[in-house]
Amino acid sequence: MEKSIYTADDDFIVDSRQMLDAGKLIDIRPHTRFVRFPKHRHNYIEIIYMCSGTTTHIINESTRVVLDTGDLLFLNQNAAQEILPAGEDDIAVNFIVLPEFFDRAFLMMDERSELREFLVGSLKKDRSFTDYLHFHVSEVLPIQNLVENLIWSLVNRQPNRRNINQTTMGLLFLQLLNHTDKINQDDPGQHEQNIVFTAMKYIEENYKTAALEELSVRLCEPAYYLSRLIRRMTGKTFKNLLQTKRLNQSAFLLTTTTLPVEEIIASVGYDNTSYFHRIFREQFGMTPRAYRLAHEAVNSQDTGR
């Protein structure tokens with residue numbers, strides 16, 4: 001393994017400047033086979049897609065991650081990675097991605113989703129969520145198709161490929177958010193992450209009636225443990241996350257429906273209207289009625305242009 005191909009630094013940090021042509025935000029290369037790739041980091045986000053066979057990765061010197069056909073592995077810039085030798089039939093593709101490539105993908109996701117924020121944080125170097133995400137998605141046909149479309153576009157360098165590729169990545173992330181249950185439950189380094197993803201998805205899908213005690217029963221974990229874990233990994237309590245989801249959902253309904261405010265309040269899980277008005281004003285700086293009117297005014301201006 002020739003180190004100079006990957007970096008000019010003494011520390012083995014694979015350098016995007018040697019992996020990407022000037023101006024590129026994303027590219028692909030075949031996964032190295034037959035040799036043990038020593039411990040290294042990247043100054044970019046790496047995505048590994050297992051086309052066939054298996055590969056074994058040692059993450060942060062202690063966690064052994066085995067990729068099977070159809071698996072996806074996202075590595076952020078914090079992750080230290082070592083790769084065991086792959087055989088002739090073990091075929092994988094490495095995506096080399098600069099963080100700014102994901103800008104459109106993140107905009108395509110619900111900007112008010114706490115689940116989205118957690119995923120974004122998982123890919124950032126300066127956040128302490130997790131160093132990698134491992135998805136078992138071989139049976140999820142839309143995800144497989146999107147990854148293969150992305151590979152085809154990068155290989156064939158089609159016109160408008162940056163817009164197409166960024167949009168495809170956004171669609172891929174939207175699908176992955178629908179399949180957080182496919183995060184590898186056997187990876188010890190992701191056990192806590194899996195719990196938090198499950199908690200967030202529970203809030204997303206059950207915000208009207210969600211309760212920490214019910215989540216505790218579903219996950220067979222003590223409520224006090226879940227409460228501490230959620231706060232440590234997200235910086236917010238379960239109550240904060242639930243309130244944010246309810247308020248964001250109410251804001252969505254205010255701007256996309258003509259439902260009376262009282263019906264919206266009930267539909268997101270509140271029965272105390274005065275309390276709802278107070279926390280809504282704290283969150284958005286105005287009353288629900290003023291929020292709806294402001295949105296209508298902006299829409300009418302856009303229509304008149």
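Trainee: What share of the accessible surface of the protein chain belongs to carbon and sulfur atoms?

Mentor: Keep in mind that this is a predicted model. The chain's accessible surface comes to about 15400 Å². Of that area, the part belonging to carbon and sulfur atoms is 49%.

Trainee: And how much of the protein chain is made up of buried residues?

Mentor: Here we count residues, and a residue is buried if its relative accessible area is under 20%. The chain has 305 residues. The buried ones make up 49%.

Trainee: Which strands are at the edges of the open sheet?

Mentor: Okay, let's walk across it. Five strands line up in the order E1-E3-E8-E5-E6, with mixed pairing. An edge strand pairs on one side only, and that picks out E1 (13-14) and E6 (63-67).

Trainee: Within that sheet, what is the bridge partner of Phe37 in E8?

Mentor: Start with the strands: E3 (residues 37-42) and E8 (residues 81-83) run antiparallel and are joined by two bridges. Phe37's bridge partner in E8 is Ile83.

Trainee: Now the helices. How are H7 and H8 oriented to each other?

Mentor: The axes of H7 (residues 212-219) and H8 (residues 223-234) come within 9 Å and cross at roughly 105 degrees. Angles of 65 to 115 degrees share one label, so the two helices are roughly perpendicular.

Trainee: How many residues of the contact of H7 with H8 are nonpolar?

Mentor: From H7 we have Leu212, Leu215, Ser216 and Leu219, which meet Ala223, Leu226 and Ser227 in H8. No charged residues take part and two are polar, while the nonpolar ones number five.

Conventions:
Residues are numbered from 1 along each chain as its sequence is written. This is a predicted model: local features need pLDDT of at least 70, side-chain atom pairs count only at pLDDT 80 or more; totals for chains, interfaces and linings use all residues. Side-chain values use heavy atoms; hydrogens and water are left out. Axes are lines fitted to C-alpha atoms, for helices over the stretch in contact, and angles run from 0 to 180 degrees between N-to-C directions. Helices (H or I, at least four residues) and strands (E, at least two) are DSSP runs, numbered from the N terminus. Angles under 35 degrees count as roughly parallel, over 145 as roughly antiparallel, 65 to 115 as roughly perpendicular and the rest as oblique. Contact means heavy atoms within 4.5 Å. Ala, Val, Leu, Ile, Met, Phe, Trp, Tyr, Cys and Pro count as nonpolar, Asp, Glu, Lys and Arg as charged, and the others, Gly among them, as polar. Buried means under 20% relative accessible area, exposed over 50%, partly exposed in between (1.4 Å probe, protein chains only). Accessible areas come from the Shrake-Rupley method with a 1.4 Å probe; for residues, only the protein chains shown count as cover. Two strands pair if DSSP finds at least two bridges between them.
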